[in-house]
Amino acid sequence: MSAEDELLLREAEKIVTALGRMFPGVCEVVLHDLRDPRHAVRTIENPLSGRSPGDPATELGLARIEDPDYPEVIQNYPNRFPDGRPAKSTSIGIRNSSGAYVAALCLNLDVSVLDRAARTLQALTAVEDPGLPLTETLRARTADELRAAVEEFAAARGRTPRALAFAERRELVRDLRARGLLEVRSAVRLVTELLGVSRATVYNYLR
């Protein structure tokens, strides 16, 4: 056991403790001492797998011991805890100055909790298409919008608002109602001014 290897392990232990305390209850963080595969688990935070210090290395740890060319980082691979809960894992190999693997720092995130939360959020945000003939706008409408709608309607027909024919004025007023624009304060008065008709005429259009 070299002083360098032991120093690397002690420094890695700080990282394990910090990460584990940052994600309590949801992320298991393990430091494997690859020099002693039969008792590889040196430090473990949030032991979601039920392991404890002194437990043996996993298959991935043994593979690193046997193959010095094994990938240094294997990230976000699917895994599973002994009780069946799904996990997302990342394994980071730690080499000494001679290039030999000394340790592995592994993170095992319990995604079952996140899956439930994701399903709940999906259910809460799900919407249905009721086939409504209009689009509801959840904001207060303004007189400027009402005026713009009237002018756009008339312009699309090559006229000014006051030059609209009877049937066109009736269509316009009913369209304004369907779009919620007649809920604008003093909407009927504004429509009468724009179209040059009486209030009684506007109400008649709405019947």
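Modeller: Here we go, and let me begin with a cysteine: the sulfur of Cys27 lies 11 Å from the closest cysteine sulfur, the one in Cys106, which is too far for a bond. Do keep in mind that this is a predicted model.

Biologist: Is Cys27 buried or exposed? And what about Cys106, buried or exposed?

Modeller: Cys27 is buried, with a relative accessible area of 5%. Cys106 is buried as well, at 9%.

Biologist: OK, on to the hydrophobic side. How many residues has the largest nonpolar core?

Modeller: That core has 22 residues, and the ones with the most contacts inside it are Leu146, Val173, Leu176, Val191 and Leu195. Helices α4 (143-156), α5 (166-178), α6 (187-195) and α7 (199-206) each supply at least two of its residues.

Biologist: Which helix gives the largest share of this core?

Modeller: That would be α6, with six residues.

Biologist: Take Leu176 then. What is Leu176 in contact with, leaving aside its neighbours within four places in sequence?

Modeller: Leu176 is in contact with Leu146, Ala149, Val150, Leu181, Leu182 and Val191. There is also a second, separate core of 11 residues, which includes Val16, Val29, Val102 and Leu105.

Biologist: Back to α6 for a moment. At what angle do the axes of α6 and α7 cross?

Modeller: They cross at roughly 105 degrees, and the axes come within 9 Å. That makes α6 roughly perpendicular to α7.

Biologist: Which residues meet there?

Modeller: From α6 there are Val188, Arg189, Val191 and Thr192, and they meet Arg199, Val202 and Tyr203 in α7.

Biologist: I see Arg189 in that list. Which residue forms a salt bridge with Arg189?

Modeller: Glu193 does, and the closest N and O atoms are 2.8 Å apart. Both residues, Glu193 and Arg189, lie in helix α6, four residues apart, which is about one turn of the helix.

Biologist: Where do those two stand on accessibility? Is Glu193 buried or partly exposed, and is Arg189 buried or partly exposed?

Modeller: Glu193 is partly exposed, with a relative accessible area of 41%. Arg189 is partly exposed too, with 41%.

Biologist: How many salt bridges turn up in a search of the whole structure?

Modeller: The search finds 14. One of them pairs the side chains of Glu6 and Arg42, at 2.6 Å from N to O. Glu6 sits in helix α1 (residues 3-22) and Arg42 in strand β2 (residues 41-45), so this pair ties together parts 36 residues apart in sequence.

Biologist: What is the relative accessibility of Glu6, and of Arg42?

Modeller: Glu6 has 18% and counts as buried, since the cut-off for buried is under 20%. Arg42 has 24% and counts as partly exposed.

Biologist: What about Glu13 and Arg42, how do their side chains meet?

Modeller: In a salt bridge, at 3.1 Å from N to O. Glu13 lies in helix α1 and Arg42 in strand β2, so that pair ties together parts 29 residues apart in sequence. Glu13, at 23% relative accessibility, counts as partly exposed.

Biologist: Nice. New topic: where is Phe81?

Modeller: Phe81 is in the loop between β3 (73-80) and β4 (86-95). With 5% relative accessibility, Phe81 counts as buried.

Biologist: What does Phe81 touch, not counting residues up to four places away in sequence?

Modeller: Its partners are Glu28, Leu48, Ser49, Pro86, Ala87, Asn108, Leu109 and Asp110. For Phe81 and Leu109, the C-alpha to C-alpha distance is 9.8 Å, and they are 28 residues apart in sequence.

Biologist: Last one: where is Ser2 found?

Modeller: Ser2 is in the segment before α1, and is partly exposed with a relative accessible area of 31%. Ser2 and Asn96 are 94 residues apart in sequence, with 9.9 Å between them in space, C-alpha to C-alpha.

Note on methods
Residues numbered from 1 in each chain as written. Predicted model: local features only at pLDDT ≥ 70, side-chain atom pairs only at ≥ 80, totals over all residues. Heavy atoms only, no water. Core = buried A, V, L, I, M, F, W, Y, C linked by side-chain atoms within 4.5 Å. Buried < 20%, exposed > 50% of the residue type's maximum accessible area, 1.4 Å probe, protein only. Contact = heavy atoms within 4.5 Å. Salt bridge = Lys/Arg side-chain N within 4 Å of Asp/Glu carboxyl O. Disulfide = S-S within 2.5 Å. Axes fitted to C-alpha atoms, helices over the stretch in contact; angles between N-to-C directions. Parallel < 35°, antiparallel > 145°, perpendicular 65-115°, else oblique.
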